[in-house]
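Good morning, and thank you for making the time.

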Amino acid sequence: MNRLFAGATVVDLLGVTVFIYQTGGESNNLFYLAYILLVAARSVQFGFCGGLMTAIAAITLFFSVTLPSHSYWGDLFLQGSILLVTAFVVGSLADRMRQTHRELERKVDELTALTEVTRTVNSSIELPQVLPAVLELSATVMKVDACAVHILDEQGSLQAVASQGFPALEQERLPVEQCFMGKAIRTGAPVLYYVDQQAGDVCEPFFRAQGFACALSAPLSNSSRTMGVLTVFAVEPNVFAYDDIELICLLATQVGNAIENATLYKKQKDLYLAVVQAFVAAIDAKDSYTRGHSEYVHRYVRRIAARMNVPDDQLERIATAALLHDIGKIGVNSNILRKPGALNDEEYAEIKMHVTIGEQIISQVTDFRDLAPIVAAHHEWYNGKGYPEGLAGEAIPLGARIIAVADAFEAMTANRVYRRAMSRERALAEINRCSGVQFDPAVVEVFLQLAEEGKLDEPIEAIESIVRERVGA
């Protein structure tokens, strides 16, 4: 296209010159205006340099046909100056507009990428899901060949937690004092690194082996500390400009937010699990004869809920309620819990209070408050003759209906202080007999399917980890 316009410019200039020549070399204002328009048009098309070349060509051609008929050089000088000024003004403005357009396009691309990075960071709090996606976006928007996130570990070394395009760094622990990334951590500012200009860095062998010439590293910081660095790598030297430094700082902020969110979530999750384990331990300490009951109920509940296609978030809440379903036994007299014989009416009434006590305990913990109705209703019957409220059918929370089946089966197949364990076959038959009376038929159907397939006793890592920790303790 540029060649076509250049050819058209030559043809236009020659055409105007021919017309001027045919008039005998007289300086016709109409023909001269055509020169100005040509210079202006080509300045817009090709910028200052192209416009200047067009102006010089126009002046040369114009002078060549008008000079023999002019005795006053002032007019020619003024006309030539006008063409040069036109090329300078219009060409400079065109160049500035192109530069502004490119900058706007780049800013739009950067803002689009940052928006996508922000959306990705906010879409999950699991680092293995977030970081690879963020690194891919970072490499694309910065037009680099590789990028990586390094975290400062307890030994004072930098360990890659995610990388793209630089596998040699993934397994390496980089000493902070001997690595250019460490300078970003120490100073809290971005750092440029050039292999040929800054020899002796611990990363130099990896750069040369991979063919990288330079890198740009920015610290990942939160309100209290610098936790690591985001680094981008390029094969070509001197590819990073000031705008790239600004951009990597913005990206580093987003990556730092993702890591901070994940860290806080892990701490909250660890605290959550610790509370659950403490509750379960308290139940077992109260009634050691039923030790492990809650874990088995938890296992069965998970299997049933998964087979019933309960959404993952709801499944996790029901499974947690299964672990805590007997927490109310803490408030029941230990002599009643361990009584080897039959309970009288007064003792049975106190036993039944464990669901209400459990609901009250669970309600005091904000993270467990939504589990309280499930814990309170796990002894309700499907026909409405259970306790404590006499709820029936689907008025009973789904989690409680699932726990009721799992709880009854585990209780029947385990030894108790007042009786021996029932065989699995007999317990399954009892569950089936009570379908539609004590238990939800849909839950019973799924439970019996799992039992027939041998899936009830498959280990679940979440359960086994709790059991291992408690056994070890």
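I shall begin with the basis of the model, then turn to the whole chain, and then to individual contacts.

The model is predicted, so a local feature is described only at pLDDT of at least 70 and a side-chain atom pair only at pLDDT 80 or more, while totals for chains, interfaces and linings use all residues. Residues are numbered from 1 along each chain as its sequence is written, and side-chain values use heavy atoms, with hydrogens and water left out.

First, the overall picture. The protein has 17 helices and six strands; helices (H or I, at least four residues) and strands (E, at least two) are DSSP runs, numbered from the N terminus. Of its 473 residues, 42% count as buried. Buried here means under 20% relative accessible area, exposed means over 50%, and partly exposed lies in between, with a 1.4 Å probe and protein chains only. A contact means heavy atoms within 4.5 Å. Among contacts with a separation of 6 or more, 62% are between residues 24 or more positions apart.

I turn now to the aromatic side chains. A pair of aromatic rings is described by the distance of the centres and the angle of the planes. Rings of Phe, Tyr and Trp (its six-membered ring) pair if their centres lie within 6.5 Å; planes under 30 degrees apart count as stacked, over 60 as edge-to-face and the rest as tilted. By this rule there are 13 aromatic pairs. In one of them, the ring centres of Tyr-300 and Phe-447 are 6.4 Å apart and the planes stand at 80 degrees, so the pair is edge-to-face. This pair links distant parts of the chain, since Tyr-300 belongs to helix H8 (residues 293–307) and Phe-447 to helix H16 (residues 441–453), 147 residues apart. Tyr-300 counts as buried, at 4% relative accessibility, and Phe-447 is buried at 0%.

Phe-447 also pairs with Phe-409, again edge-to-face, at 5.0 Å centre to centre with 70 degrees between the planes. Phe-409 is buried, with a relative accessible area of 0%.

Elsewhere, one aromatic cluster is formed by Phe-166, Phe-180, Tyr-193, Phe-207, Phe-212 and Phe-233. One of its members, Phe-180, lies in helix H5 (residues 180–187), where Met-181, Gly-182, Ala-184 and Ile-185 are buried along with it. Just after H5, Gly-188 takes a positive phi of about 70 degrees.

Axes are lines fitted to C-alpha atoms, for helices over the stretch in contact, and angles run from 0 to 180 degrees between N-to-C directions. Angles under 35 degrees count as roughly parallel, over 145 as roughly antiparallel, 65 to 115 as roughly perpendicular and the rest as oblique. On the H8 side, Arg-303, Ile-304 and Arg-307 meet residues of H16 that include Val-443, Phe-447 and Glu-453.

H14 packs with helix H9 (residues 312–323) at an angle of about 50 degrees, the axes being 10 Å apart. H9 and H14 are therefore oblique to each other. Gln-314, Ile-318, Ala-321 and Ala-322 of H9 meet Leu-398, Gly-399 and Ile-403 of H14.

Also in H14 is Ile-402, which counts as buried at 0% relative accessibility. Leaving aside residues up to four places away in sequence, Ile-402 touches Val-301, Ile-304, Ala-305, Met-308 and Val-443. The C-alpha atoms of Ile-402 and Val-444 are separated by 8.5 Å, although the two residues are 42 apart along the chain.

Glu-347, in helix H11 (residues 345–352), is buried, with a relative accessible area of 17%. Glu-347 touches Ile-336, Lys-339 and Ala-342, again not counting residues up to four places away in sequence. By contrast, Gly-200 counts as exposed, at 67% relative accessibility; Gly-200 is found in the loop between strand S4 (191–194) and helix H6 (204–210).
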